[in-house]
Amino acid sequence: LGPGIDYFEEIERLKKETDTILLAHYYQEGDIQDVADFIGDSLDLARRAQAVTHKRILFAGVHFMAETAKILNPTKTVLIPDMAAGCSLAESCPPGPFAEFKAAHPDHVVVTYINCTAEIKALSDIICTSTNAVDIVNSIPADQPIIFAPDRYLGAWVSKRANRDMVLWDGSCIVHETFSHKRLVQLKVRHSEAKVVAHPECPPHILDEADFIGSTRKILNFVSDDPATTFIVVTEAGIIHQMKKNEPEKTFIPALNDDENCNCNNCPFMKLNTLEKVYQALLTGQPEIEMSEDLRQRAEKPLLEMLARS
Ligand code: 13P
Ligand code: SF4
């Protein structure tokens with residue numbers, strides 16, 4: 001931390017002075033989670049953003065999350081600690097090719113995972129998150145064909161759970177698709193008492209090893225409610241901070257990659273945000289999320305549809 005600055009104290013002071021609420025995702029570094037006013041998964045964060053009464057929102061998460069807060073709060077200033085905090089899933093679905101894909105599947109309802117840009121949301125009929133994806137798909141009449149984008153692994157998992165064929169866009173998350181199956185099996189052998197919890201953005205051969213599959217919030221609830229005392233965690237390692245806070249007596253083991261030197265269970269985009277950048281954003285009111293009102297309105301429609309159904 002910078003010389004002479006108590007970031008925790010300064011962040012608390014600036015939040016009050018500037019009437020700013022600090023929202024954070026579970027994948028943020030521990031210090032940011034500790035200083036946040038609200039921590040959640042993508043669905044809870046979208047819901048919380050919808051209810052904000054403060055003048056400003058500082059969103060400690062990745063760009064599509066802060067953008068979602070802006071879509072739901074056009075009159076408020078929405079800040080993000082680092083504008084470069086993107087998402088490989090959102091990047092894997094550019095608007096031009098996606099519009100062509102959609103045109104090649106007329107009559108399909110477009111269900112899109114919230115991990116996408118405002119342009120992709122504007123091309124969608126309804127948004128979902130990993131918390132509500134199965135319920136959203138189940139809410140669509142059985143004879144209605146569906147496009148699911150952008151995550152092919154989440155799409156395949158939802159397809160199986162909802163017993164529903166869907167046309168999948170070929171996107172993926174660089175963090176969840178690179179967990180090592182071999183090292184996961186080794187961890188399971190070494191900790192035979194442990195339960196494996198995984199995020200549905202993981203590929204099927206990883207999910208097959210899991211005792212529980214769910215969104216970040218659902219995983220957090222599971223490790224609290226389940227009687228097991230050791231868990232192997234197959235999602236972004238930032239979530240372990242919250243697990244340890246909630247369950248100090250339990251043991252959490254992060255899943256690994258094949259490359260022993262790679263810190264790959266940390267999302268490189270999420271981890272661009274730092275406590276210092278949170279402080280700087282509060283101080284300067286920058287960087288700010290901006291978008292045209294036309295795009296905002298088109299992206300808002302499928303988001304409100306999701307919030308109404310979940
Ligand atoms: P959750 O909605 O489960 O928090 O997931 C967000 C995300 O980016 C997973 O990689
Ligand atoms: Fe995107 Fe994956 Fe990072 Fe989640 S963990 S924000 S899906 S790159």
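This is a predicted model: local features need pLDDT of at least 70, side-chain atom pairs count only at pLDDT 80 or more; totals for chains, interfaces and linings use all residues.
Biologist: Which domains does the protein have?

Modeller: The domain assignment gives domain 1 (7–86 + 270–290), domain 2 (89–174 + 297–309) and domain 3 (176–254). The centres of domain 2 and domain 3, taken over C-alpha atoms, are 26 Å apart. Their contact takes eleven residues from domain 2 and 14 residues from domain 3. On the side of domain 2 that touches domain 3, six residues are nonpolar, four polar and one charged.

Biologist: Why is ligand 1 said to lie between domain 2 and domain 3?

Modeller: Domain 2 (89–174 + 297–309) and domain 3 (176–254) both give residues to the shell around ligand 1, and therefore ligand 1 lies between them.

Biologist: What makes a residue part of the surroundings of ligand 1, and which residues are they?

Modeller: The test is a C-beta atom, placed from the backbone, within 6 Å of the molecule. The residues surrounding ligand 1 are Asp41, Ser42, Asn115, Thr129, Ser130, Cys173, His199, Glu201, Ser215 and Thr216.

Biologist: How is the shell around ligand 1 divided by class?

Modeller: That shell has one nonpolar, seven polar and two charged residues. Cys counts as nonpolar, while Asp and Glu count as charged; the shell includes Cys173, Asp41 and Glu201.

Biologist: Which residues are the closest to ligand 2?

Modeller: Of the 13 residues that surround ligand 2, the closest are Cys87, Ser88, Cys173, Val175 and Cys267. By class, the shell around ligand 2 has nine nonpolar, two polar and two charged residues.

Biologist: Where does UniProt place the feature "binding site"?

Modeller: The unreviewed UniProt entry places it at Cys87, Cys173 and Cys267. These residues are spread over 181 residues of sequence, yet they cluster in space, with a largest C-alpha distance of 9.3 Å. Cys173 is in the loop between strand 8 (167–168) and helix 10 (181–190).

Biologist: What are the angle and the axis separation with which helix 3 and helix 4 pack?

Modeller: Helix 3 (residues 42–50) and helix 4 (residues 63–72) pack at an angle of about 30°, and their axes are 9 Å apart.

Biologist: Is the crossing of helix 3 and helix 4 left-handed or right-handed?

Modeller: Helix 3 passes helix 4 in a right-handed crossing. The term applies because the near helix is turned clockwise from the far one.

Biologist: Which residues of helix 3 and helix 4 meet?

Modeller: Ser42, Leu45, Ala46, Ala49 and Gln50 in helix 3 meet Met65, Thr68, Ala69 and Leu72 in helix 4. This contact of helix 3 with helix 4 has six nonpolar, three polar and no charged residues.

Notes
Residues are numbered from 1 along each chain as its sequence is written. Chains are lettered from A and ligands numbered from 1 in the order in which they are written. Domain bounds come from an automatic or database domain assignment. Axes are lines fitted to C-alpha atoms, for helices over the stretch in contact, and angles run from 0 to 180 degrees between N-to-C directions. Helices (H or I, at least four residues) and strands (E, at least two) are DSSP runs, numbered from the N terminus. Two residues are in contact if their C-beta atoms, placed from the backbone, lie within 7 Å. UniProt positions are given in the numbering used here, feature names are shortened, and annotations may be inferred rather than shown by experiment.
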